[in-house]
Every structure is written in structure tokens, then in C-alpha cells.
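Look at the sequence and the structure shown here.

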Amino acid sequence: MKIKTIHEQIRRDFWADFECEHCGHIVSDVCGYDDSYFHREVIPSFVCPECKKTAGDDYRPLQTKYPDG
């Protein structure tokens, strides 16, 4: 899964729609945390509820809005 659209962000907390790279299924209004760990480790491990796949090896994490630390 990858972030399709971020709807709202308050400091590091955000709510976004996620899209599956494999089948295009969209999961709406998912809560997330904007730090490098979440973008590198958590998002690629999301399992698509439709096709049951995770992100491929070509997944590229987004940059955080604020620097870590």
C-alpha cells in the first residue's frame, strides 16, 4: 500500500487514503504517524484487504513533513 492522498495532518498525526500498488484498491481515512520509521517500515507492511499483498521491493517512502528528532 502507498499513500494516495493526505487529507489532514496535525503535527505528526495524519489521515490519508492508501492505494494498493498491485490491484488499485483504496482504503480510506487511515490514521498514520509522519516519521521516517512509519514511512520506511510500517506503510510497506500494510496488507491490502483485496489482494492480500504488501508493497513490492520498489516501494519508495515519502519524506516527512518535519525532520526527525
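Val 27 is found in strand 3; strands are DSSP runs of E with at least two residues, helices are runs of H or I with at least four, and both are numbered from the N terminus. The relative accessible area of Val 27 is 24%, so the residue is partly exposed. In these terms, buried means under 20% relative accessible area, exposed means over 50%, and partly exposed lies in between, with a 1.4 Å probe and protein chains only. Beyond its neighbours within four places in sequence, Val 27 is in contact with Met 1, Ala 16, Asp 17, Phe 18 and Pro 49, where contact means heavy atoms within 4.5 Å. Val 27 and Cys 48 are 21 residues apart along the chain, and their C-alpha atoms are separated by 8.4 Å.

The model is predicted: local features need pLDDT of at least 70, side-chain atom pairs count only at pLDDT 80 or more, and totals for chains, interfaces and linings use all residues. Residues are numbered from 1 along each chain as its sequence is written, and side-chain values use heavy atoms, with hydrogens and water left out.

**Other residues of strand 3**

Tyr 33 also lies in strand 3. With a relative accessible area of 39%, Tyr 33 is partly exposed. Leaving aside neighbours within four places in sequence, its contacts are Arg 12, Asp 13, Phe 14 and Phe 38. From Tyr 33 to Trp 15 the C-alpha distance is 8.7 Å, and the two residues are 18 apart in sequence.

Asp 29 is another residue of strand 3, which covers residues 26–33. Its relative accessible area is 55%, so Asp 29 counts as exposed. Phi of Asp 29 is near 55 degrees, which is a positive value in a residue other than glycine. Most residues other than glycine have a negative phi. Lys 52 also has a positive phi, near 65 degrees. Lys 52 sits in the segment after helix 1 and is exposed, at 57% relative accessible area.

**Aromatic residues**

Rings of Phe, Tyr and Trp (its six-membered ring) pair if their centres lie within 6.5 Å; planes under 30 degrees apart count as stacked, over 60 as edge-to-face and the rest as tilted. How many aromatic pairs does this rule give? The count comes to three aromatic pairs. One of them is formed by Phe 14 and Phe 38, which are edge-to-face, with 6.0 Å from centre to centre and 85 degrees between the planes. Phe 14 belongs to strand 2 (residues 13–19) and Phe 38 to helix 1 (residues 36–45), so this pair ties together parts that are 24 residues apart in sequence.

Phe 18 and Phe 46 form another edge-to-face pair, at 5.2 Å centre to centre and 70 degrees between the planes. Phe 18 is in strand 2 and Phe 46 in the segment after helix 1, so the pair ties together parts that are 28 residues apart in sequence. Phe 14, Phe 18, Phe 38 and Phe 46 form one aromatic cluster. The table gives the exposure of its members.

| Residue | Relative accessible area | Class |
|---|---|---|
| Phe 14 | 1% | buried |
| Phe 18 | 1% | buried |
| Phe 38 | 11% | buried |
| Phe 46 | 23% | partly exposed |

Helix 1 also holds Ser 45. Ser 45 is partly exposed, at 45% relative accessibility. Its C-alpha atom is separated by 12 Å from that of Pro 61, which is 16 residues away along the chain.

**The chain as a whole**

The protein chain has one helix and three strands. Their order from the N terminus is β-β-β-α. The radius of gyration of the chain is 12 Å, close to the 11 Å that the globule rule gives for 69 residues, so the chain is as compact as a globular protein of that length. This radius is taken over C-alpha atoms, and the globule rule is 2.2 Å times the number of residues to the power 0.38. Along its principal axes, the C-alpha trace spans about 35 × 25 × 10 Å.

Of the 69 residues, 26% count as buried. Among contacts between residues at least 6 apart in sequence, 39% join residues at least 24 apart.
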